[in-house]
Amino acid sequence: MSVLTDLIAAREARLPEGTNAYRISDGTTWHGVFIDALADRLLVSVRDAEVPPTLREQLIATGRPVYLKRLDKDVKEAPVQLCGSQVAPRFAIQENGVSYLMDMTAGYSQGIFLDQRDNRAAVRAKCHSGMRLLNTFSYTGAFSVCAALAGATTTTLDLAQPCLSWCRENMELNGLSTDAHYFCKGDTLHWLDRFARQGRRFDAIVLDPPTFSRDEKGRIWRVEKDYGSLVAKAMACLAPHGWLLCTTNCRKVSHAQFRALVASGAPGARISASPMTFDFDGEDYLKTLWVNT
């Protein structure tokens, strides 16, 4: 046994059934080194660090395909294979019995953010047949898939067409018909204004924006400055007795500051917090708030 195999065993003992994607090490056992299990593959991400020789030996000993990714600022390169057999770059992982496509050739993320596992499960538990869910800044649409599996009608919104196509693939992978759902390409802020003008309302809205973005006119949007106005726009599209999932991984904003931002956009609403999933036990960076009207 090694430190790495001990960590894998300890994590897997606590995982929910039907899950083979999780964080093995969250930058603490090996400082600045993060290790994720993605089905039969391992992804090692480093921030201002190198993979120690002893860890490299343990990775090789697993016999799994291992990939290395650098998390340096402004670097969004795809992982490179470190060791193990050559396998297809696109493959599926499972989380709580739900399947998602992954792609090792993608630069920013491989297809899913593992730290949102509990939030995806909560969305599925809160949704039911007849509900209408809007998933903004959707990336590959994991929240949409969970809501659709619970019977909700989903509207998936993202600026990138490839992300919407990826979401369709994820739905089809789980036996869902994409004909029953809506896909919108464009800027979330513009679409929220449009939905409000049209009187279109949703029973649930997911808000998980990037920490920083710039629209086609060059205007800058930042979580620490603009999240409150985003919540206000979403509230204008929320049906009576609806709810929002508000979340961010912005490290510049504390939990208290994030709650204040959300509350400023949803005055009088009931707000409750959720902790990070257990395998992300390093930095407490992810903030999750549920807003109920």
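**Secondary structure.** I looked up the secondary structure of the protein chain in this predicted model and found eight helices and 16 strands, where helices (H or I, at least four residues) and strands (E, at least two) are DSSP runs numbered from the N terminus. I noted that residues are numbered from 1 along each chain as its sequence is written, and that side-chain values use heavy atoms, with hydrogens and water left out. Because the model is predicted, local features need pLDDT of at least 70 and side-chain atom pairs count only at pLDDT 80 or more, while totals for chains, interfaces and linings use all residues.

**Overall form.** I compared the radius of gyration, taken over C-alpha atoms, with the globule rule of 2.2 Å times the number of residues to the power 0.38; for 293 residues a compact globule would come near 19 Å, and the protein chain agrees with its 19 Å. The C-alpha atoms fill a box of roughly 60 × 40 × 40 Å along the principal axes.

**Helix α6.** In this helix, residues 188–198, I listed Thr188, Leu189, Trp191, Leu192 and Phe195 as buried. They cover an arc of only 165° around the axis, so they sit on the same side of α6; the arc is that of the directions from the helix axis to the C-beta atoms. I also checked what covers these buried residues, and the cover includes strands β8 (132–135), β9 (153–158), β10 (182–185), β11 (202–207) and β13 (220–222), together with helix α7 (223–235).

**Helix α3.** For residues 117–126, I found Arg117, Asn119, Arg120 and Val123 to be the buried ones. Seen down the axis of α3, they fall within an arc of 170°, and therefore they line one face of the helix.

**Valine 44.** I located valine 44 in strand β3, residues 41–46, and read its relative accessible area as 0%, so valine 44 is buried. Leaving out residues up to four places away in sequence, I noted that valine 44 touches Val33, Phe34, Ile35, Val51, Leu59, Val66, Tyr67, Leu68 and Lys69. Valine 44 and leucine 59 are 15 residues apart in sequence, and their C-alpha atoms are 9.4 Å apart in space.

How values were computed: Buried means under 20% relative accessible area, exposed over 50%, partly exposed in between (1.4 Å probe, protein chains only). Contact means heavy atoms within 4.5 Å.
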